[in-house]
Amino acid sequence: MSDRQPTTCMRCAVGCGLFHHADDDETGVADARGNPAHPTNSGRDCQRGIREMVTPGGKRLTTPLVRRGGSLQATDWDTALGIVATRFIEALSNGSDSIAVLGSGQQTNEAAYALGKVARGAFGTPYYDANTRLCMASAVTAYKQAFGGNAPPPTYDDIPDAETHLVWGANPAAAHPVLHHWIANSASKQDGRLIVVDPVKSATAREADVHIQPEPGTDLALARAVLVQCLESGTVDTTFIEAHTEGFDQMLGSLPDIETAVDIAGVSIEQINAIAEALDYKTLIYWGMGVNQSAQGTATARALIDLCLATGNMGPGTGPFSLTGQANSMGSRISLSKGSWPGHQEFTDPAVRKDIARIWDVPLSRLPLTPGPGFVGIIDALAQGNIDVCWTVATNPASGMPDAGYVKNALEDVFLITQDAFYSETVDCADVVLPAATWGESEGTTTNMERRVSRVTAAVEPPAGVRQDLDIIAAIGNRIEPGLFGTPPLDPSSVFDELRALTAGTTADLSGISYERLADELAVRWPAPTADSQGGYQYHSDGEWSFDTDSGLAAFSTVTHSSVPEPIDETYPLTLTTGRLAEVYNTGVRSHSQGDTELPTARMHSKTVGAHLPSFDRGRTVIESRRGRVAVRVDVDDGVPVGVVWLPIHQATINELTLSKVDPESDEPNLKQCAVTLRAPRQLRSDSTASVAVEPANGR
Ligand code: SF4
């Protein structure tokens with residue numbers, strides 16, 4: 001058995017520091033557990049993170065595959081990489097916008113940076129984005145607009161000091177177990193309280209002192225009603241507003257009439273009062289996908305930030321705190337994102353672009369002039385035949401994207417290169433498959449939701465035939481632009497050094513963080529401009545505020561509620577919403593068992609079931625939206641509002657129902673709400689037009 005070594009859990013963005021070690025024959029991780037010395041979690045861990053690290057489900061990819069005669073067949077790395085390079089070079093002869101690259105918040109910082117460098121510096125394509133667009137883009141856009149930076153101001157250190165914990169459109173009990181433990185601990189103190197805003201009675205909501213269930217898609221109306229109530233009851237901090245904000249008067253002019261807003265949200269004035277009164281205490285407002293994955297996601301996040309600004313809930317123990325899902329969402333953004341260069345530098349800034357081209361040693365003219373349309377827009381470009389080759393890395397858009405049937409068709413029509421550790425629905429669409437190392441086999445760093453960079457280490461070698469993400473990316477990059485990287489295998493620390501140097505002097509300064517420092521301190525929060533500094537509460541130091549906006553002030557918004565993009569009607573009279581199960585990881589590629597043919601389980605109120613009885617057959621029904629049909633089992637659950645259907649996000653068929661309409665500011669899709677109806681499974685079996693199987697769907 002190998003010596004235990006420190007690493008970081010890649011299951012979620014809490015970023016717990018762990019110890020892990022190899023089993024006796026060094027083919028797998030024998031054990032992992034919380035590292036008591038790690039500053040993020042002080043030894044605490046959760047069973048699902050440990051389980052998925054030590055005994056992941058899913059089916060590993062262990063050899064490169066190429067599609068021949070309609071099926072994927074094993075090949076060697078030289079052949080696979082030769083085909084990949086040839087197809088990229090052919091596509092580039094049609095222009096740099098003939099290639100799309102889709103990355104992930106599950107890559108290390110080093111791999112994410114390297115992939116962005118190939119996409120922007122070697123290909124020069126505008127069609128580059130990561131699946132973080134599907135989870136945090138709205139929160140990030142809101143932070144940027146309000147504060148000039150794009151990460152939450154508070155840190156985990158603020159949780160014990162908060163008195164009110166307002167969890168809005170998030171379920172940390174399922175999605176972030178260790179973080180949830182901290183919140184619950186703080187909320188259970190004598191002066192603490194937990195308020196949950198969620199249409200559904202989630203695991204977190206069941207523990208709440210107050211649970212408020214707005215109509216799905218009305219969070220913005222609810223947030224504005226609370227702000228109006230704060231203004232009427234005097235729960236505002238005029239000193240903070242006058243000294244540190246701008247746009248307050250314009251915001252006042254944009255506020256709705258409270259009765260109208262309350263009516264839209266479907267809540268009572270008493271519930272609005274409950275939130276407004278709680279904001280008079282030190283408050284952290286946490287939010288998640290229930291806010292972000294909406295056509296009004298950015299506006300709603302701005303409204304929550306406005307609540308913090310207006311009530312003076314800024315500074316230690318308080319503030320707006322979006323809860324990131326994927327382990328390294330933040331790292332993928334710092335490394336290089338759709339709209340920015342390393343360190344969140346402005347995409348269009350001529351000086352930055354010149355610098356990047358010089359450091360990468362590529363022609364300035366190759367860097368794309370536009371940041372591209374984002375993940376959903378890239379899929380549209382694929383569907384329209386505008387792209388010749390698409391490369392996906394550690395992401396499963398055929399399952400995770402809204403309107404997944406459309407996505408799958410688009411991926412099948414393009415020459416698709418898929419790099420991943422596990423079989424997935426996207427692998428099924430691929431022309432070349434590149435098997436990559438996963439947790440426990442890779443070296444690098446990751447960045448958690450509170451800006452902490454922490455080492456990821458390998459306890460074991462990957463299986464024979466599998467290569468490191470970073471080495472695959474470098475091998476492809478060097479075939480397109482010789483010398484873009486050193487000769488693989490690359491030393492991840494040298495890639496991290498290149499990345500951190502590029503962030504020096506930026507708002508996300510990593511330059512003072514090195515592998516040597518991480519070996520001593522285990523995790524360091526950015527901004528860290530020197531080898532002995534690290535970030536704390538953002539924008540606030542020694543009682544002074546300085547935001548990263550041009551004025552140095554935080555900005556209020558003038559956002560207003562608008563109706564959901566797909567309201568219910570006579571044909572589709574029910575609202576579908578989705579959420580996470582604690583035990584399943586994202587699209588399930590490393591948590592579903594092989595051959596898992598379980599139907600998804602939909603939760604519905606007994607009155608919903610009663611009103612649609614002809615649509616059920618032995619506890620099953622078929623949920624239909626304008627885009628697809630999915631057979632499900634039904635759990636009667638009166639914690640789900642009448643007229644709402646709840647489905648878990650983790651099975652491929654679910655997103656055949658969801659809507660790809662995006663938030664106009666963040667390009668994040670409206671995954672959380674669409675209109676559906678129920679159909680009897682037996683009717684569909686004789687319905688030759690049914691486009692979706694109604695027999696048990698493949699669980700993967
Ligand atoms: S809370 Fe998240 S990061 Fe921590 S051990 Fe659990 S899954 Fe891993």
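This note walks through the predicted model point by point, from domains to ligand to sheets.

1. **Ground rules.** This is a predicted model, in which local features need pLDDT of at least 70, side-chain atom pairs count only at pLDDT 80 or more, and totals for chains, interfaces and linings use all residues. Residues are numbered from 1 along each chain as its sequence is written.

2. **Domains.** The protein chain is assigned domain 1 (5–54), domain 2 (65–134 + 328–499), domain 3 (137–323) and domain 4 (574–685). These bounds come from an automatic or database domain assignment.

3. **Domain 2 against domain 4.** Taken over C-alpha atoms, the centres of domain 2 and domain 4 are separated by 31 Å. In contact are 18 residues of domain 2 and 17 residues of domain 4. Contact means that the C-beta atoms of two residues, placed from the backbone, lie within 7 Å. On the domain 2 side, α17 (374–383), α18 (397–400) and α19 (404–413) each supply at least two residues. Helices here are DSSP runs of H or I with at least four residues, strands are runs of E with at least two, and both are numbered from the N terminus. By class, that side of domain 2 has eight nonpolar, seven polar and three charged residues. Nonpolar covers Ala, Val, Leu, Ile, Met, Phe, Trp, Tyr, Cys and Pro; charged covers Asp, Glu, Lys and Arg; the others, Gly among them, are polar.

4. **The ligand.** Its shell has 13 residues, and the closest are C9, R11, C16, C46 and G49. Seven shell residues are nonpolar, three are polar and three are charged. Where does the ligand lie? Domain 1 and domain 3 both give residues to the shell, so the ligand lies between them.

5. **Helix α1.** This helix spans residues 47–54, and G49, I50, E52 and M53 are buried in it. Buried means 20 or more other C-beta atoms within 10 Å of a residue's own; exposed means 12 or fewer, and partly exposed is in between, with C-beta atoms placed from the backbone. The cover over these buried residues includes β2 (17–22) and β3 (29–34).

6. **The open sheet.** Five strands run in the order β10-β9-β8-β12-β13, with parallel pairing. Pairing requires at least two bridges between two strands, as found by DSSP. β10 (210–212) and β13 (319–322) are the edges; each has a single partner strand, so one side of each has no neighbour in the sheet. From one strand to the next, the twist averages 15°. Axes are lines fitted to C-alpha atoms (for helices over the stretch in contact), and angles run from 0 to 180 degrees between N-to-C directions.

7. **Strand β9 and I195.** β9 (residues 193–197) pairs with β10 in the parallel sense over three bridges. V196 has H211 of β10 as its bridge partner. I195 lies in β9. I195 is buried, with 23 other C-beta atoms within 10 Å. Leaving out residues up to four places away in sequence, I195 touches T164, L166, A208, D209, V210, I275 and A278.

8. **The barrel.** Six strands form a closed barrel, β25-β29-β26-β28-β27-β30, with mixed pairing. Its twist averages 45° from one strand to the next. β26 (residues 601–604) and β29 (residues 644–648) pair in the antiparallel sense over two bridges. M604 has V645 in β29 as its bridge partner.

Notes. Near = placed C-beta within 6 Å.
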